[in-house]
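Here's a quick briefing on a predicted model. Have a look at the fold, then read on for the details.

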Amino acid sequence: MSGFNLLHLVTKSQPVALKACGLPSGTRRKKKTWPRTFPPEELRTRLTPAQYHVTQERGTESAFTGEYHDCHADGTYTCVVCSAPLFRSDKKFDSGSGWPSFCDLIKDESVALSDDFSYGMHRVETSCSQCGAHLGHLFDDGPKPTGKRYCINSASLGFQPKEQPPRGDGGQAAGTSPPAAATEL
Ligand SMILES: [Zn+2]
(Lines give C-alpha, C1' and ligand atoms only; values in the text may rest on other atoms or scores of the structure.)
Protein backbone atom coordinates (compact mmCIF):
# COMPACT_ATOMS: atom_id res chain seq x y z
CA MET A 1 0.00 0.00 0.00
CA SER A 2 2.46 2.57 -1.16
CA GLY A 3 -0.18 5.23 -1.54
CA PHE A 4 -1.18 5.18 2.05
CA ASN A 5 0.93 8.05 3.31
CA LEU A 6 0.01 10.37 0.50
CA LEU A 7 -3.62 9.66 0.89
CA HIS A 8 -3.76 9.96 4.61
CA LEU A 9 -5.23 13.42 4.69
CA VAL A 10 -8.81 13.05 3.74
CA THR A 11 -11.03 15.77 5.02
CA LYS A 12 -13.69 14.20 7.11
CA SER A 13 -17.28 14.94 6.41
CA GLN A 14 -18.46 17.42 8.95
CA PRO A 15 -21.17 16.46 11.38
CA VAL A 16 -24.65 17.35 10.29
CA ALA A 17 -24.85 20.10 12.86
CA LEU A 18 -22.31 22.16 10.95
CA LYS A 19 -24.27 22.14 7.76
CA ALA A 20 -26.39 25.11 8.70
CA CYS A 21 -23.53 27.57 8.76
CA GLY A 22 -24.54 29.47 5.68
CA LEU A 23 -22.31 27.91 3.08
CA PRO A 24 -23.91 28.06 -0.32
CA SER A 25 -24.93 24.66 -1.48
CA GLY A 26 -22.32 22.84 -3.46
CA THR A 27 -19.35 24.33 -1.67
CA ARG A 28 -18.35 21.35 0.39
CA ARG A 29 -14.84 22.07 1.48
CA LYS A 30 -12.43 19.41 0.41
CA LYS A 31 -8.76 20.03 0.70
CA LYS A 32 -7.86 16.87 -1.05
CA THR A 33 -7.83 17.02 -4.79
CA TRP A 34 -8.23 14.09 -7.09
CA PRO A 35 -7.06 13.63 -10.64
CA ARG A 36 -10.62 13.67 -11.85
CA THR A 37 -13.38 15.88 -10.52
CA PHE A 38 -16.99 16.18 -11.50
CA PRO A 39 -19.41 19.02 -10.76
CA PRO A 40 -21.90 17.98 -8.10
CA GLU A 41 -24.75 19.08 -10.36
CA GLU A 42 -23.62 16.67 -13.02
CA LEU A 43 -23.32 13.84 -10.55
CA ARG A 44 -26.75 14.51 -9.11
CA THR A 45 -28.31 14.05 -12.50
CA ARG A 46 -26.11 11.18 -13.64
CA LEU A 47 -26.15 9.09 -10.48
CA THR A 48 -29.05 7.64 -8.59
CA PRO A 49 -29.71 9.21 -5.17
CA ALA A 50 -28.19 6.13 -3.54
CA GLN A 51 -25.10 6.26 -5.73
CA TYR A 52 -24.66 9.93 -4.99
CA HIS A 53 -25.12 9.49 -1.27
CA VAL A 54 -22.66 6.62 -1.00
CA THR A 55 -19.94 7.97 -3.27
CA GLN A 56 -20.13 11.68 -2.46
CA GLU A 57 -21.41 11.68 1.11
CA ARG A 58 -19.66 8.54 2.28
CA GLY A 59 -22.89 6.73 2.82
CA THR A 60 -23.45 3.02 3.25
CA GLU A 61 -26.14 1.04 1.53
CA SER A 62 -28.13 -1.48 3.54
CA ALA A 63 -26.67 -4.97 3.55
CA PHE A 64 -28.09 -7.42 1.03
CA THR A 65 -29.86 -4.65 -0.89
CA GLY A 66 -27.19 -3.71 -3.40
CA GLU A 67 -27.15 -4.70 -7.01
CA TYR A 68 -23.91 -6.68 -6.89
CA HIS A 69 -23.67 -8.40 -3.52
CA ASP A 70 -24.94 -11.62 -5.08
CA CYS A 71 -23.56 -11.09 -8.57
CA HIS A 72 -21.37 -13.89 -9.90
CA ALA A 73 -20.94 -12.80 -13.49
CA ASP A 74 -17.51 -12.56 -15.08
CA GLY A 75 -16.33 -9.06 -15.64
CA THR A 76 -14.81 -5.93 -14.22
CA TYR A 77 -16.21 -3.74 -11.50
CA THR A 78 -15.62 -0.06 -12.10
CA CYS A 79 -16.05 3.17 -10.22
CA VAL A 80 -19.61 4.31 -10.84
CA VAL A 81 -18.48 7.93 -10.93
CA CYS A 82 -15.42 7.90 -13.21
CA SER A 83 -15.49 4.35 -14.65
CA ALA A 84 -11.98 3.52 -13.46
CA PRO A 85 -11.53 -0.27 -13.27
CA LEU A 86 -11.30 -1.34 -9.62
CA PHE A 87 -11.97 -5.04 -9.11
CA ARG A 88 -12.24 -8.16 -11.20
CA SER A 89 -14.95 -10.71 -10.65
CA ASP A 90 -12.40 -13.48 -10.04
CA LYS A 91 -11.36 -11.70 -6.84
CA LYS A 92 -14.93 -11.43 -5.59
CA PHE A 93 -15.98 -13.79 -2.85
CA ASP A 94 -19.05 -14.36 -0.76
CA SER A 95 -18.26 -12.88 2.61
CA GLY A 96 -21.79 -13.21 3.92
CA SER A 97 -21.71 -9.53 4.83
CA GLY A 98 -24.34 -8.49 2.30
CA TRP A 99 -21.93 -6.24 0.44
CA PRO A 100 -19.78 -7.06 -2.56
CA SER A 101 -16.49 -8.31 -1.18
CA PHE A 102 -13.18 -8.62 -2.95
CA CYS A 103 -9.88 -10.05 -1.80
CA ASP A 104 -7.70 -8.00 -4.13
CA LEU A 105 -7.58 -5.01 -6.42
CA ILE A 106 -6.83 -4.83 -10.10
CA LYS A 107 -4.04 -2.42 -9.22
CA ASP A 108 -2.89 -1.29 -5.81
CA GLU A 109 -3.00 2.32 -6.89
CA SER A 110 -6.59 2.17 -8.08
CA VAL A 111 -7.94 2.55 -4.56
CA ALA A 112 -6.93 5.15 -1.99
CA LEU A 113 -6.93 4.22 1.69
CA SER A 114 -7.55 6.53 4.61
CA ASP A 115 -8.37 6.26 8.27
CA ASP A 116 -12.00 6.46 9.21
CA PHE A 117 -12.79 7.04 12.87
CA SER A 118 -16.52 7.45 12.46
CA TYR A 119 -18.96 5.54 14.66
CA GLY A 120 -16.40 5.30 17.43
CA MET A 121 -14.18 2.79 15.68
CA HIS A 122 -11.17 2.76 13.47
CA ARG A 123 -11.68 1.47 9.99
CA VAL A 124 -9.79 1.88 6.76
CA GLU A 125 -11.88 3.71 4.22
CA THR A 126 -11.47 2.91 0.55
CA SER A 127 -11.97 5.53 -2.13
CA CYS A 128 -11.47 5.63 -5.87
CA SER A 129 -7.99 7.02 -6.37
CA GLN A 130 -9.07 8.83 -9.53
CA CYS A 131 -12.14 10.74 -8.41
CA GLY A 132 -12.27 10.20 -4.65
CA ALA A 133 -15.60 8.43 -4.70
CA HIS A 134 -16.25 6.62 -1.43
CA LEU A 135 -16.29 2.89 -2.06
CA GLY A 136 -16.42 1.15 1.30
CA HIS A 137 -13.90 -0.20 3.78
CA LEU A 138 -10.97 -2.57 3.89
CA PHE A 139 -10.70 -5.25 6.54
CA ASP A 140 -8.01 -7.78 7.30
CA ASP A 141 -10.22 -10.82 7.65
CA GLY A 142 -10.36 -11.84 4.00
CA PRO A 143 -9.42 -15.19 2.52
CA LYS A 144 -5.87 -16.23 1.79
CA PRO A 145 -3.54 -15.44 0.23
CA THR A 146 -4.21 -11.70 0.53
CA GLY A 147 -6.16 -11.85 3.79
CA LYS A 148 -7.90 -8.70 2.67
CA ARG A 149 -11.58 -8.01 2.43
CA TYR A 150 -12.58 -4.99 0.41
CA CYS A 151 -16.14 -4.45 1.55
CA ILE A 152 -17.64 -2.29 -1.15
CA ASN A 153 -21.02 -0.70 -1.69
CA SER A 154 -22.80 -1.83 -4.83
CA ALA A 155 -23.86 1.78 -5.27
CA SER A 156 -20.21 2.73 -5.81
CA LEU A 157 -19.73 0.24 -8.58
CA GLY A 158 -20.45 -0.21 -12.22
CA PHE A 159 -20.02 -3.53 -13.93
CA GLN A 160 -18.63 -4.39 -17.32
CA PRO A 161 -19.34 -7.98 -18.32
CA LYS A 162 -16.36 -9.82 -19.65
CA GLU A 163 -16.01 -9.30 -23.35
CA GLN A 164 -16.21 -12.42 -25.38
CA PRO A 165 -13.58 -12.44 -28.09
CA PRO A 166 -15.14 -12.62 -31.53
CA ARG A 167 -15.09 -16.16 -32.74
CA GLY A 168 -15.53 -17.84 -36.08
CA ASP A 169 -16.09 -16.04 -39.31
CA GLY A 170 -19.17 -14.09 -40.14
CA GLY A 171 -17.79 -10.82 -38.93
CA GLN A 172 -19.97 -7.79 -38.48
CA ALA A 173 -23.52 -8.20 -39.52
CA ALA A 174 -24.30 -5.57 -42.10
CA GLY A 175 -27.54 -4.57 -40.55
CA THR A 176 -27.21 -0.84 -40.77
CA SER A 177 -27.82 -0.24 -44.45
CA PRO A 178 -31.30 1.11 -45.06
CA PRO A 179 -33.60 -1.18 -46.95
CA ALA A 180 -33.32 -0.39 -50.59
CA ALA A 181 -36.51 0.21 -52.43
CA ALA A 182 -37.28 -2.61 -54.78
CA THR A 183 -36.76 -1.49 -58.30
CA GLU A 184 -38.12 -3.88 -60.83
CA LEU A 185 -37.53 -2.55 -64.24
ZN1 LIG B 1 -13.76 7.09 -9.50
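Let's start with Gln160: setting aside residues within four places in sequence, it is in contact with Gly75, Thr76 and Thr78 (contact means that the two C-beta atoms, placed from the backbone, lie within 7 Å). Bear in mind that this is a predicted model, where local features need pLDDT of at least 70, side-chain atom pairs count only at pLDDT 80 or more, and totals for chains, interfaces and linings use all residues. Numbering starts from 1 along each chain as its sequence is written.

- Gln160 is found in strand 9, strands being DSSP E runs of at least two residues and helices H or I runs of at least four, both numbered from the N terminus.
- Gln160 counts as partly exposed because it has 13 C-beta neighbours inside 10 Å; the scheme calls a residue buried with 20 or more other C-beta atoms within 10 Å of its own, exposed with 12 or fewer, and partly exposed in between, with C-beta atoms placed from the backbone.
- Gln160 and Arg88 are 72 residues apart along the chain, and their C-alpha atoms are separated by 9.6 Å.
- Pro161 is also part of strand 9, which covers residues 157-161.
- Pro161 has 10 C-beta neighbours inside 10 Å, so it counts as exposed.
- Not counting residues up to four places away in sequence, Pro161 touches Ala73, Asp74 and Gly75.
- Between Pro161 and Ala73 there is a C-alpha to C-alpha distance of 7.0 Å, with 88 residues of sequence separation.

- Take 6 strands in the order 3-4-8-7-6-5 and you have an open sheet with antiparallel pairing; two strands pair if DSSP finds at least two bridges between them.
- The edges belong to strand 3 (92-93) and strand 5 (111-116), each with a single partner strand, so one side of each has no neighbour in the sheet.
- Strand 3 pairs with strand 4 (residues 101-102) in the antiparallel sense over 2 bridges, and Phe93 has Ser101 in strand 4 as its bridge partner.
- Strand 4 also pairs with strand 8, again antiparallel and over 2 bridges, with Ser101 opposite Cys151 in strand 8.
- Strands 7 and 8 run antiparallel and are joined by 4 bridges; Gly136 has Ile152 in strand 8 as its bridge partner.
- Strand 8 is covered on both faces, with Arg149 and Cys151 buried on one side and Tyr150 and Ile152 buried on the other.

**The nonpolar core**

- The largest nonpolar core has 25 residues, and Cys79, Leu86, Val111, Cys128 and Ile152 touch the most other members; such a core is a set of buried Ala, Val, Leu, Ile, Met, Phe, Trp, Tyr and Cys residues joined through C-beta atoms within 7 Å.
- At least two residues of this core come from each of strand 1 (75-79), strand 2 (85-88), strand 5, strand 7 (134-139) and strand 8 (149-152).
- Leaving aside neighbours within four places in sequence, Val111 is in contact with Leu86, Leu105, Thr126, Ser127, Cys128, Ser129 and Leu135.

**The whole chain**

- The protein chain has 2 helices and 9 strands, running α-α-β-β-β-β-β-β-β-β-β from the N terminus on.
- Of the 185 residues in the protein chain, 28% are buried.
- Looking at contacts between residues at least 6 apart in sequence, 57% join residues at least 24 apart.
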